[in-house]
Amino acid sequence: MTMPPPQAQTPPQAHQAPQQPQSQQQGWNGPVGQYASPIPVRTPGLGDAVASEWTKIRSVRSTMWTLGVMIVLLIGIGLLTAFAVSVSDAPMDDTPVLSLGFFGVLLGSICVITLGVLTIASEYGTGMIRTTLTACPSRARMLIAKSIVFFLLAFTITTVTTGVVGVLQTAMLDGATPDTGFWVRSTVGVGLYVATLGLLSLALGTVIRHSAGAITIMIAVVLLPLVLAMFMFSPTLAGVQEALFEYSIPNQLGAMYDTSVTVSGPTGWEPLWIILGVTAVAMAGAFASLDRRDV
């Protein structure tokens, strides 16, 4: 009886790799697993830029020093002026008591000018502007956020301080009782004027990109027209001299207090509209410069 030949048996594979789950078979061609962040992803807007600029402006020492010195000047000079008038027994007649706050505001505006320039020019000096624009690529949004934060801060500090000085001067002196319109103009109006002047400084700092240079130019803009007008003795320059007197920043600021050095020129709220127009042009130039130039 013939036996059938034995069937060939396939040798078992000694080192057969185990089957891997589907989620672990991608290797270098893709992620092994997927992670979903619980934090919602959204596009940052103007509110985020404003929050960032507010954090920066209240974190640096320059803000504390400049605004602190401005408050000391406004209160100190305002009270010293009122005290000197009360000691001298000079008749106030129809002179508004609040007009004595002009001297402190004029010097305090230099502090606001300085802070306005440093708000953006200091970032160019340290190179921080690159980090700012990396976090906020929209240059227009960055400049708008800086302008909003700085303007509101300068306006609030100036308005509150001038209001406090006005109340103290009124209590110290017996003069003409200011009406409501004059109170609003010498506090809110002056606060708007000084904050807008600081915004003009911020625009110039954006264009110049150098702190010392921009501050020097702004101080010259504030004081130089009045100084030049004082030394124009030639009759042929009488018209230029009058225009420099009328439209110099100290005279416009004095007009807000009804103490302008000329009988003609801007009065009432007109100086505020003038500085707003000039600042609008300067801000347009700052936007164009920031958009076209590299950092």
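Visitor: How far apart are the end C-alpha atoms of helix 3, and what span should its 25 residues have?
Guide: This is a predicted model, and helix 3 covers residues 102–126. The expected span takes 1.5 Å times one less than the number of residues. For the 25 residues of helix 3 that gives 36 Å, and the end C-alpha atoms agree with it, being separated by 36 Å.

Visitor: On which residue is the kink in helix 3 centred?
Guide: The bend is the angle between axes fitted to the seven residues ending at a position and the seven starting there. In helix 3 the kink comes to about 45 degrees.

Visitor: How many of the residues of helix 3 are buried, and which residue follows the helix?
Guide: Helix 3 is mostly covered, with 18 of its 25 residues buried. After the helix comes a residue with a positive phi, near 85 degrees. That residue is Gly127.

Visitor: Why is the pair of Phe102 and Phe103 classed as it is?
Guide: Rings pair if their centres lie within 6.5 Å, and planes over 60 degrees apart count as edge-to-face. The count by this rule is four aromatic pairs. For Phe102 and Phe103 the ring centres are 5.5 Å apart and the planes stand at 65 degrees, so the class is edge-to-face.

Visitor: What class does the pair of Phe231 and Phe233 have?
Guide: Phe231 and Phe233 are both exposed. Their ring centres are 6.5 Å apart and their planes are at 85 degrees, so the pair is edge-to-face.

Visitor: Which residues do ring pairs link into a cluster?
Guide: Phe102 and Phe103 form one of the ring pairs. The cluster linked by ring pairs also takes in a tyrosine. Its members are Phe102, Phe103 and Tyr257.

Visitor: Which residues does Pro250 touch, not counting residues up to four places away in sequence?
Guide: Pro250 lies in helix 9, residues 249–256. With 6% relative accessibility, Pro250 is counted as buried. Its C-alpha atom is 8.3 Å from that of Ser260, 10 residues apart along the chain. The residues touched by Pro250 are Phe102, Leu106, Val222 and Leu226.

Visitor: Which residues are in contact with Thr158, leaving aside neighbours within four places in sequence?
Guide: Thr158 is part of helix 5, residues 139–172. Its relative accessibility is 1%, so Thr158 counts as buried. The contacts of Thr158 are Met70, Leu74, Val190, Gly191 and Val194.

Visitor: Which residues are in contact with Ala229, again leaving aside neighbours within four places?
Guide: Ala229 sits in helix 7, residues 211–230. At 0% relative accessibility, Ala229 is buried. The contacts of Ala229 are Gln241, Leu244 and Phe245.

Visitor: What is the phi of Arg209, and where does Arg209 lie?
Guide: Arg209 is in the loop between helix 6 (180–208) and helix 7. Its relative accessible area is 14%, so Arg209 is buried. Although Arg209 is not a glycine, its phi is positive, about 65 degrees.

Visitor: What is the phi of Asp258?
Guide: Asp258 belongs to the loop between helix 9 and helix 10 (270–292). With a relative accessible area of 46%, Asp258 is partly exposed. Asp258 is a residue other than glycine, and its phi is positive, near 60 degrees.

Visitor: How many helices and strands does the protein have, and what percentage of its 295 residues is buried?
Guide: The secondary structure consists of 10 helices and zero strands. Of the contacts with a separation of 6 or more, 78% join residues 24 or more positions apart. The buried share of the 295 residues is 39%.

Visitor: Over which residues does pLDDT stay under 50?
Guide: The average pLDDT of the protein is 84, and 85% of the residues score at least 70. Where pLDDT is low, the predicted coordinates should not be read in detail. The stretch under 50 has four contacts beyond four places in sequence, and consists of residues 23–30.

Definitions and conventions
Residues numbered from 1 in each chain as written. Predicted model: local features only at pLDDT ≥ 70, side-chain atom pairs only at ≥ 80, totals over all residues. Heavy atoms only, no water. pLDDT = per-residue confidence, 0-100. Contact = heavy atoms within 4.5 Å. Helix = DSSP H or I, 4+ residues; strand = E, 2+ residues; numbered from the N terminus. Buried < 20%, exposed > 50% of the residue type's maximum accessible area, 1.4 Å probe, protein only. Phe/Tyr/Trp six-rings, centres within 6.5 Å; stacked < 30°, edge-to-face > 60°.
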